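Please have a look at the model below, and then at my notes.

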Amino acid sequence: MAKNKKETVDKKNEKQEGVKRSFKMSKQQRFVLGCLLVLFSIALLVAFISFYVNGQWQNDQSVVNQLGDRAEVAENWLGKFGAYLADLIIYRGFGLASFIFVRLFFLTGMFLALELSTQKLKNTWFWDIFAIIVVSVLFGFFATSAPELGGTIGYELNLFLQDYIGKTGTLLTLLFGLIIYLIFKIKLSPEKIQSYFDSTKKEFKSELDKLKPAVNQPESAYNLEEFAIKEEIESDPEIDDIHIKTVDTQFELNKEALKPTISHSSEIELNPVLKPITPKQELPLVSPDEAFVIEKAEEEDIIEENLASRLVADFGLFDPTLDLSNYKFPTIDLLKEYSTGGITINQEELEENKNRIVDTLRNYKIEIAQIKATVGPSVTLYEIVPEAGIRISKIKSLEDDIALSLSALGIRIIAPIPGKGTIGIEVPNKNPTMVSMKSVIGAAKFQEAEMELPIALGKTISNETFVVDLAKMPHLLMAGATGQGKSVGLNAVLTSLLYKKHPAEVKFVLVDPKKVELTLFNKIERHYLAKLPDTEDAIITDNAKVVNTLNSLCTEMDNRYSLLKDAMVRNIKEYNDKFKSRKLNPEAGHRFLPYIVLVVDEFADLIMTAGKEVEVPIARLAQLARAIGIHLIIATQRPSVNVITGLIKANFPARIAFRVTSKIDSRTILDTQGADQLIGRGDLLYTNGNDVIRVQCAFIDTPEVEKITDFIGGQKAYATAYLLPEFVGEESGINLDIDISERDTLFREAAEIIVNAQQGSASLLQRKLKLGYNRAGRLIDQLEAAGIVGPFEGSKARSVNILDLNALDQFFNNEQN
């Protein structure tokens with residue numbers, strides 16, 4: 001029986017989902033329907049206005065009753081259709097309140113056409129319909145002699161109410177409806193009314209204070225009947241027209257103070273004083289339990305203008321941006337707003353989680369003195385203060401038990417929270433809020449950040465924008481399992497720098513073994529990218545070219561250190577400041593040095609294919625390059641010890657861990673566990689050698705990146721991308737073995753094996769000829785010197801230059817001749 005009931009419910013749900021899918025509209029359909037509703041609202045407005053102009057509604061009554069007669073002519077501006085609509089909605093409907101329908105249809109059309117959230121639209125429909133009914137009945141109550149004002153519905157509803165509760169009851173009901181609208185829709189509250197009266201009272205009091213005498217004397221001193229005129233001020237050329245009478249008091253009149261202090265308006269200096277920004281306070285929510293405090297930080301203000309576009313070079317200093325003086329920074333409206341009104345607090349969920357945490361700890365005889373909840377975009381932090389005598393390690397060991405009681409995806413216990421005397425329990429929200437890149441880029445904390453290379457990663461648990469300086473890190477290591485947000489995080493980093501730094505100030509070297517993640521940035525090649533000379537693509541997708549690029553960056557590093565040495569400065573900031581001040585001679589080789597940011601999207605793939613050839617220059621750059629403005633951002637999905645070696649980890653103090661699959665991976669990247677308890681979808685842990693901070697990474701989609709790169713790429717650019725020093729690798733061929741007589745006795749046999757297999761490998765010769773490694777290696781060197789196999793290519797097998805045995809025989813015959 002229960003099974004049949006369950007099947008019936010499932011079928012009903014499937015049917016409802018099928019109906020929903022059938023009514024789901026495409027973007028084109030929503031846009032067309034939105035435009036239709038906007039035009040219909042305009043038509044309604046025209047019809048309604050003409051309904052009341054010159055009493056046309058009375059003249060059009062016959063037309064409405066005889067719509068089929070084409071001989072009848074309507075005076076309505078929208079013709080017979082307008083006359084019928086106005087008669088139906090105004091006269092037979094809601095009267096003057098029907099004009100609210102114009103607003104409703106217009107807003108609905110705009111919401112559909114612009115693909116905005118419909119949650120706010122539902123709220124608007126409810127309160128506007130409520131207002132239509134109240135206003136219609138209100139006109140029906142006061143204007144009984146003018147039915148066109150209240151409409152038939154308003155008139156009949158008014159009579160219906162009066163039949164049951166009388167005129168007084170009807171008036172009180174309408175007044176109550178008006179109060180409901182003002183409180184819930186207009187958000188009018190007694191506090192606002194009180195503050196309005198208080199401000200009015202203060203203004204009135206300040207005006208009265210202005211009318212009082214300037215000198216604070218006893219009340220008896222202002223009794224004018226006791227005062228006698230003593231003297232008049234002696235005539236003065238500056239104040240001849242002023243006649244001042246004095247009174248007999250203990251104060252002596254200062255004549256000099258009466259002279260004007262400003263002779264001309266040009267002497268007035270106006271120095272505007274900026275109002276200091278006060279930090280926003282967290283707003284506590286009321287909970288039935290006094291020991292449970294719910295806190296939610298206020299939403300940060302969004303700065304609609306990109307402040308980086310207002311930077312102006314100081315007069316007299318060298319301006320590196322002059323080559324692209326008309327360059328415009330990308331505007332914030334290129335980014336999409338995903339969130340719907342900020343963080344929403346589900347107080348029932350918070351209370352339920354709090355009770356489960358308290359009950360679970362109480363089962364293990366752990367009492368809590370106080371608990372506080374701080375709501376973030378995707379995670380809520382519960383800070384608990386245990387009773388005296390409770391060991392922290394005992395609470396920390398209950399992590400799995402608390403996760404089981406909460407039925408959560410994964411919780412993280414911070415015991416204790418650094419800088420606080422509390423223990424933190426991070427619990428994922430059931431309905432996490434997406435953090436948009438627009439809200440992070442537009443935040444005042446990022447726009448007003450005084451950093452060399454500011455990066456806006458996302459928002460913390462307290463809903464505060466998290467901004468860090470890449471120049472202070474100085475290198476960044478990112479790791480996380482596949483699909484947890486690494487590529488989106490890299491896009492967020494690059495977007496942050498594009499919004500704050502001019503093309504003359506920063507250059508990117510992008511390495512993308514996946515070949516699809518960073519390709520959009522090709523459009524800004526001549527603005528922001530750096531590459532090797534004689535290279536077609538600035539974004540490196542071939543692992544064989546990465547080695548040359550890394551070694552070229554090492555050469556650039558050495559060259560920059562030579563420039564710093566000649567300039568007698570310690571870092572790139574001091575050098576550039578000195579160069580801008582024109583204290584360094586360009587003819588001596590000095591130049592403005594832009595920051596260079598190397599981004600590697602998948603480091604594990606490089607280590608697999610190139611190994612030590614990549615690790616050595618990466619380690620050199622990580623150790624030395626921070627002072628000369630070369631910073632590394634390396635991402636990998638496999639944070640194992642053979643990929644992230646100890647040498648690399650030692651020089652990457654700043655690390656970002658997205659969700660990983662095991663505690664071992666978490667310890668590899670962070671040196672502590674916790675990354676395995678993240679919820680994914682951009683949830684990350686950031687550390688710079690000190691505390692571990694949980695951040696919800698800002699989401700930026702591919703169309704947004706494309707808009708930004710199109711905006712930048714469409715402007716005037718440099719002639720070429722920023723060229724790195726040319727790197728010529730060492731010759732790996734053996735040129736000493738020229739004499740044929742010095743070749744190994746197995747040389748020809750080895751050549752035949754290599755040509756047959758079409759694979760230049762020393763291990764192949766070891767197996768086939770049963771040789772040791774040293775002799776097989778010498779044979780390979782001799783084959784390379786003879787031109788039979790190609791040069792060494794890292795972990796790949798050498799290429800074979802001779803296709804078959806016939807070509808090999810011809811090769812040996814030519815050598816003998």
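Which residues in α19 meet which residues in α20? This is a predicted model, in which local features need pLDDT of at least 70 and side-chain atom pairs pLDDT 80 or more, while totals for chains, interfaces and linings use all residues. Residues are numbered from 1 along each chain as its sequence is written, and side-chain values use heavy atoms, with hydrogens and water left out.

1. On the α19 side, Phe603, Leu606, Ile607 and Ala610 meet Lys612, Glu613, Val614, Glu615 and Ile618 in α20. Contact here means heavy atoms within 4.5 Å. The residues of this contact are 6 nonpolar, no polar and 3 charged.

2. The axes of α19 (residues 603–610) and α20 (residues 612–624) come within 7 Å, crossing at roughly 125°. That makes α19 oblique to α20.

3. Phe603 also deserves a look for its other neighbours. Not counting residues up to four places away in sequence, Phe603 touches Val614, Ile618, Ile634, Ala635, Thr636, Val643 and Ile648.

4. Now to His475, in the loop between β10 (465–469) and β11 (476–479). His475 is buried (under 20% relative accessible area), with a value of 0%. Polar atoms of its side chain lie 3.2 Å from the backbone oxygen of Ala622 and 3.0 Å from the backbone nitrogen of Leu632. Leaving aside neighbours within four places in sequence, the contacts of His475 include Arg626, His631, Asn651 and Phe652.

Notes:
Helices (H or I, at least four residues) and strands (E, at least two) are DSSP runs, numbered from the N terminus. Buried means under 20% relative accessible area, exposed over 50%, partly exposed in between (1.4 Å probe, protein chains only). A polar contact is a pair of N or O atoms within 3.5 Å; within protein, one must be able to donate a hydrogen and the other to accept it, and residues adjacent in sequence count only if both atoms are side-chain atoms. Axes are lines fitted to C-alpha atoms, for helices over the stretch in contact, and angles run from 0 to 180 degrees between N-to-C directions. Angles under 35 degrees count as roughly parallel, over 145 as roughly antiparallel, 65 to 115 as roughly perpendicular and the rest as oblique. Ala, Val, Leu, Ile, Met, Phe, Trp, Tyr, Cys and Pro count as nonpolar, Asp, Glu, Lys and Arg as charged, and the others, Gly among them, as polar.
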